[in-house]
Amino acid sequence: MGAPSDDRQQVNQASISYRQYSGEQDLPIVMHLVDNELSEPYSIFTYRYFLHYWPKLCFLAFSGDKPVGVVICKLDRHREQAMRGYVAMLVVDKLCRGKGVGSELVRKSIQAMIEGKCEEVALEAEVTNQGALKLYQGLGFIRDKRLHRYYLNGVDAYRLKLLLPLSEGQESAPTA
Ligand SMILES: CC(C)(COP(=O)(O)OP(=O)(O)OC[C@H]1O[C@@H](n2cnc3c(N)ncnc32)[C@H](O)[C@@H]1OP(=O)(O)O)[C@@H](O)C(=O)NCCC(=O)NCCS
């Protein structure tokens, strides 16, 4: 008898490709991925808010032609001179998890934030979300605060932070 078939094994890690969000035509792909996997429901206005203002901070992952992951972020001025990034949504299709796809999506968004002179990145994750906590810890994020009953389902969140050293030539302009 042959080995039982397992869809996970059929996903070839080397076949995963990544690209930036390319416009409104990607919106249904993004919404489908996120709506299937996250516990919080989002309206189309929330997606449009992030994707309209920060399209360059959204990355998609594909296994062949199939969309398998997405990260959505923003980048705002924080205090007078600093830029702060925020990871709003991160999702990987169940069949592609544990292969580094989520980490690679976040790495790509952090790289894009660094190009936007970002000094720190923040996000929230459920205290029970072992996968997300492990992923972000692996990328250097630290636990900043515990937020009581942060989610609609009553679960607490950790606020996670990553401090980024500004590279040479990217320092904030000195105040007058
Ligand atoms: C969280 C999520 C994005 C992780 O994606 P992924 O592609 O499986 O993550 P990676 O393969 O890059 O894993 C990164 C690390 O986390 C670990 N990890 C991933 N999922 C894990 C789990 N469920 N339990 C324990 N560790 C886990 C991996 O082993 C890996 O550790 P390593 O670097 O020591 O090998 C994915 O599980 C997901 O989409 N979950 C549902 C949505 C969600 O929770 N999003 C995050 C909201 S904050």
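Leaving aside neighbours within four places in sequence, which residues is I72 in contact with? The partners are V30, Y47, F50, L51, L57, C58, Y86, V87, A88 and M89. Contact here means heavy atoms within 4.5 Å.

Some ground rules come next. This is a predicted model, in which local features need pLDDT of at least 70 and side-chain atom pairs count only at pLDDT 80 or more, while totals for chains, interfaces and linings use all residues. Residues are numbered from 1 along each chain as its sequence is written, and side-chain values use heavy atoms, with hydrogens and water left out.

Start with the fold. The protein chain has five helices and seven strands. Both are DSSP runs numbered from the N terminus: helices are H or I with at least four residues, strands are E with at least two. Along the sequence the pattern reads α-β-α-α-β-β-β-α-β-α-β-β. Take the contacts in the protein chain with a separation of 6 or more: residues 24 or more positions apart account for 63% of them.

Next, the interior. Of the 176 residues in the protein chain, 44% are buried. Buried means under 20% relative accessible area, exposed means over 50%, and partly exposed lies in between (1.4 Å probe, protein chains only). The largest nonpolar core holds 52 residues. Such a core is a set of buried Ala, Val, Leu, Ile, Met, Phe, Trp, Tyr and Cys residues joined through side-chain atoms within 4.5 Å. Within the largest core, V30, Y47, V70, I72, Y136 and F141 touch the most other members. Strand 4, residues 82–92, gives the most to this core, with seven residues.

Now the cysteines. A disulfide is a covalent bond between the sulfur atoms of two cysteines. The cut-off used is a pair of cysteine sulfur atoms within 2.5 Å. The structure holds zero disulfides. C58 is in none; its nearest cysteine sulfur belongs to C73 and is 7.9 Å away. C58 is buried because its relative accessible area is 1%. C96 also counts as buried, at 2% relative accessibility.

A polar backbone atom of V92 is 2.8 Å from an oxygen atom of the ligand. For G102, a backbone N or O atom lies 2.8 Å from a ligand oxygen. K134 uses a polar side-chain atom, 3.2 Å from an oxygen atom of the ligand. On its own, the ligand has 920 Å² of accessible area, and the protein covers 67% of it. Accessible areas come from the Shrake-Rupley method with a 1.4 Å probe; for residues, only the protein chains shown count as cover.

Finally, the surface. The protein chain exposes about 10,400 Å², of which carbon and sulfur atoms supply 51%. K117 sits in the loop between helix 4 (101–115) and strand 5 (118–126). Its phi is near 65°, positive in a residue other than glycine. At 42% relative accessibility, K117 is partly exposed. R149 lies in the loop between strand 6 (142–147) and strand 7 (157–163). The phi of R149 is near 45°, again positive in a residue other than glycine. R149 is exposed, at 56%. P165 follows in the segment after strand 7. P165 is exposed, with a relative accessible area of 69%. P165 and E120 are 45 residues apart in sequence, yet 8.5 Å apart in space, C-alpha to C-alpha.

Definitions and conventions. Polar contact = N/O pair within 3.5 Å; in protein donor to acceptor, adjacent residues only side chain to side chain.
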